[in-house]
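Biologist: I would like to learn how to read a pocket and its lining. Can we take one case and work through it?

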Amino acid sequence: MFAAHTRGRSFSYAEEPFYGSRNLFFIKSNRVDLKFLTALLNSKLFYFYMHERLKHNGDLLQIDKNQFMKIPLYVPKNTSEFDAIVDAIIHKKKAGEDTKELEDKIDAMIYDLYNLTQEEKELIEKSVIQ
């Protein structure tokens, strides 16, 4: 069994091969679009979920495979809108540009995907560490 510790939302998408020199999860899937999964896992909703449900080691979240596999995923049939935004975020980050507006757009799309009420959205917005 393995575990990773993370502060904040730290999920990345990469197409090029690289060597991970620390404790990392590598996710490969033929069932779920990986850009969509990156958007979902970096969303405020999923950070809120992980913060409430996963083990903590001080102010770090401890993510192990068993806990990670229990995360409730809803994957829409068409993820192209998410993919386009993830591509734009990757492009802007490489250029050193701010991505907050795009990240907020993904958060809103994730809230809609999970049919959250305004009250639930406000709770998450107040609770999530930026």
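Biologist: Which helix gives the most to the lining of the second largest pocket?

Modeller: H4 does, with six residues. Helices here are DSSP runs of H or I with at least four residues, strands are runs of E with at least two, and both are numbered from the N terminus. This is a predicted model, where local features need pLDDT of at least 70, side-chain atom pairs count only at pLDDT 80 or more, and totals for chains, interfaces and linings use all residues. Residues are numbered from 1 along each chain as its sequence is written, and side-chain values use heavy atoms, without hydrogens and water.

Biologist: How is such a space found, and how much of it lies in the second largest pocket?

Modeller: Rolling a probe the size of a water molecule over the atoms shows where empty space is left. A pocket is an open set of points on a 1 Å grid over the protein atoms alone, where a 1.4 Å probe fits, with protein on both sides within 12 Å along at least five of seven lines; lining residues have an atom within 4 Å of a point. Points are joined across faces, edges and corners, and the volume is the space filled by probe spheres set on them. Here that is about 580 Å³. The lining has 22 residues, and Phe11, Ser12, Thr38, Ile89 and Lys93 are the closest to the centre.

Biologist: Which elements give two or more residues to this lining?

Modeller: Helix H1 (34-41), helix H4 (80-94) and helix H5 (100-113). The chain has six helices and three strands.
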